[in-house]
Amino acid sequence: MDVPFLPRQTFVGDVEYFSNAFETGDYNKLIVIFKQYGTIGSSPTVTVTMQTSSDMRNWVDISGDLSADTVESKSNLSKFLRAKVVLAGTDPAATLSVLGKLVQE
């Protein structure tokens with residue numbers, strides 16, 4: 001099942017953003033692609049982390065930050081998933097996307 005956590009989107013300023021939550025259903029593995037199209041500002045940093053939750057209140061990071069422009073697999077999924085984006089720096093801006101595919105193994 002394809003999951004558009006963050007279709008191509010631009011973030012401006014110091015921001016912490018959470019995507020909508022998606023239910024995992026019977027799927028137990030997530031393949032995720034974090035694509036970074038560009039950044040501006042003085043030393044901007046972009047951190048994208050996948051999170052999982054069983055109740056949509058308590059969220060836990062899934063094994064560290066994503067690397068830009070790579071495909072990664074994540075396991076140990078709870079009932080819900082979301083992406084967390086943190087943008088920091090001096091006058092930062094970044095355009096990125098986070099797309100996923102839930103699979104059953």
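Aspartate 2 counts as exposed in this predicted model, because its relative accessibility of 59% is over the 50% cut-off. Its side chain meets that of lysine 101 in a salt bridge, with 3.2 Å from N to O. The pair ties together parts of the chain that are 99 residues apart in sequence, because aspartate 2 lies in strand β1 (residues 2-12) and lysine 101 in strand β7 (residues 80-103). Lysine 101 has a relative accessible area of 38%, so this residue is partly exposed.

The search of the whole structure finds six salt bridges in total. Side chains of opposite charge can pair when their charged atoms come close.

| Salt bridge | N to O distance |
|---|---|
| Lysine 101 and aspartate 2 | 3.2 Å |
| Glutamate 23 and lysine 79 | 3.9 Å |
| Lysine 74 and glutamate 72 | 3.5 Å |

The side chains of glutamate 23 and lysine 79 form a salt bridge at 3.9 Å from N to O. This pair also links distant parts of the chain: glutamate 23 belongs to strand β3 (residues 22-23), lysine 79 to the loop between β6 (70-74) and β7, and the two are 56 residues apart. Glutamate 23 is partly exposed, with a relative accessible area of 44%. Lysine 79 is partly exposed as well, at 41%.

How exposed are lysine 74 and glutamate 72? Both residues are buried. The closest N and O atoms of their salt bridge are 3.5 Å apart.

**Aromatic contacts**

A pair of aromatic rings is described by the distance of the centres and the angle of the planes. The count for this model comes to two aromatic pairs. In one of them, the rings of phenylalanine 5 and phenylalanine 22 have centres 5.3 Å apart and planes at 85°, so the pair is edge-to-face. Phenylalanine 5 sits in strand β1 and phenylalanine 22 in strand β3, 17 residues apart, and the pair thus links distant parts of the chain. Phenylalanine 5 counts as buried, at 4% relative accessibility, whereas phenylalanine 22 is partly exposed, with a relative accessible area of 24%.

Phenylalanine 11 and tyrosine 17 form an aromatic pair that is tilted, with 5.3 Å from centre to centre and 55° between the planes.

Arginine 8 lies over the face of tyrosine 37, at 3.8 Å from the ring centre.

**Nonpolar core and surface patch**

Which residues touch the most other members of the largest nonpolar core? They are Phe5, Leu30, Met50, Leu96 and Val98, in a core of 21 residues. Two or more residues of this core come from each of β1, β4 (29-53) and β7. Strand β7 gives the largest share, eight residues. Phe5, named among the core residues, is also the buried partner in the edge-to-face pair.

On the surface, Ile33, Val71 and Leu99 form a nonpolar patch, and together they have about 260 Å² of accessible area. Leucine 99 lies in strand β7. With a relative accessible area of 39%, leucine 99 is partly exposed.

Methionine 56 is not a glycine, yet has a positive phi of about 65°. This residue is found in the loop between β4 and β5 (60-65). Its relative accessible area is 45%, so methionine 56 is partly exposed.

Where is aspartate 91 found? Aspartate 91 is in strand β7. Its phi is near 50°, again a positive value in a residue other than glycine. Aspartate 91 is exposed, with a relative accessible area of 66%.

Technical notes
Residues numbered from 1 in each chain as written. Predicted model: local features only at pLDDT ≥ 70, side-chain atom pairs only at ≥ 80, totals over all residues. Heavy atoms only, no water. Salt bridge = Lys/Arg side-chain N within 4 Å of Asp/Glu carboxyl O. Helix = DSSP H or I, 4+ residues; strand = E, 2+ residues; numbered from the N terminus. Buried < 20%, exposed > 50% of the residue type's maximum accessible area, 1.4 Å probe, protein only. Patch = residues over 30% accessible without salt bridge, like charges linked within 9 Å, V, L, I, M, F, W, Y side chains within 5 Å. Areas by Shrake-Rupley, 256 points an atom, 1.4 Å probe, with all protein chains shown as cover. Phe/Tyr/Trp six-rings, centres within 6.5 Å; stacked < 30°, edge-to-face > 60°. Lys NZ or Arg CZ within 6 Å of the ring centre and 35° of its normal. Core = buried A, V, L, I, M, F, W, Y, C linked by side-chain atoms within 4.5 Å.
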